[in-house]
Amino acid sequence: MGARGVALCALMFALWAPGAQADGPWDIPKDPSKFHIFLFMGQSNMAGGFRDSHLYDDNGRYNPVTAPVPRVVQWRSGGWRPAAHPLTKHNKLSFSIPLPFAQKYLEEIGDPEVKVGLVIRAFGGKAIHHFI
């Protein structure tokens, strides 16, 4: 296994490690088969940010906070936190695809015990080689 493979394995272990947990409907399941982690990496399209998103009210005023989605957590600041838009802090217009993906995924698998973990590394304006 190369250096990148070892780093990825270490990252995945750290993300599932006990102690880095959210509370309530966002508790990390003790059974690792019930905690599905997805990595979202990319450039501006993954980071989000467009004016026609639901982050604007009918009068065009920006409202950056949405309610956290039950059973969906995001790795942020060294721990799992309830996931809500905006998912990336560098883009204040940030509506991006990971959260709707997680909601649809949970709906499709139909297992109420499964929780989804989102790891988002998306930065607009970066060359693609930063993600490879």
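In this predicted model, four strands form an open sheet, ordered 1-4-2-3, and the pairing within it is mixed. At the edges, each pairing on one side only, are strand 1, residues 35-42, and strand 3, residues 79-82. Neighbouring strands are turned against each other by 35° on average, if direction is ignored.

Let me take strand 2 next. Strand 2, which covers residues 72-76, runs antiparallel to strand 3 and is joined to it by four bridges, and Trp75 has Trp80 of strand 3 as its bridge partner. Gln74 also lies in strand 2, and because its relative accessibility is 4%, under the 20% limit, Gln74 counts as buried. Leaving aside residues up to four places away in sequence, Gln74 touches several residues, among them Gly79, Trp80 and Arg81, and also Leu118 and Ile120.

Now to helix 3. This helix, residues 98-109, lies across strand 1, strand 2 and strand 4, and runs at about 155° to strand 4, residues 115-122.

How many salt bridges does a search of the whole structure find? The search finds three. In one of them, the side chains of Asp111 and Lys34 meet at 2.5 Å, N to O; this pair links distant parts of the chain, 77 residues apart, with Asp111 in the loop between helix 3 and strand 4, and Lys34 in the loop between helix 1 and strand 1. Asp111 is partly exposed, at 21% relative accessible area.

Through shared partners, Lys104, Glu107 and Glu108 are joined into one network.

Methods: Residues are numbered from 1 along each chain as its sequence is written. This is a predicted model: local features need pLDDT of at least 70, side-chain atom pairs count only at pLDDT 80 or more; totals for chains, interfaces and linings use all residues. Side-chain values use heavy atoms; hydrogens and water are left out. Two strands pair if DSSP finds at least two bridges between them. Helices (H or I, at least four residues) and strands (E, at least two) are DSSP runs, numbered from the N terminus. Axes are lines fitted to C-alpha atoms, for helices over the stretch in contact, and angles run from 0 to 180 degrees between N-to-C directions. Contact means heavy atoms within 4.5 Å. Buried means under 20% relative accessible area, exposed over 50%, partly exposed in between (1.4 Å probe, protein chains only). A salt bridge is a side-chain nitrogen of Lys or Arg within 4 Å of a carboxyl oxygen of Asp or Glu.
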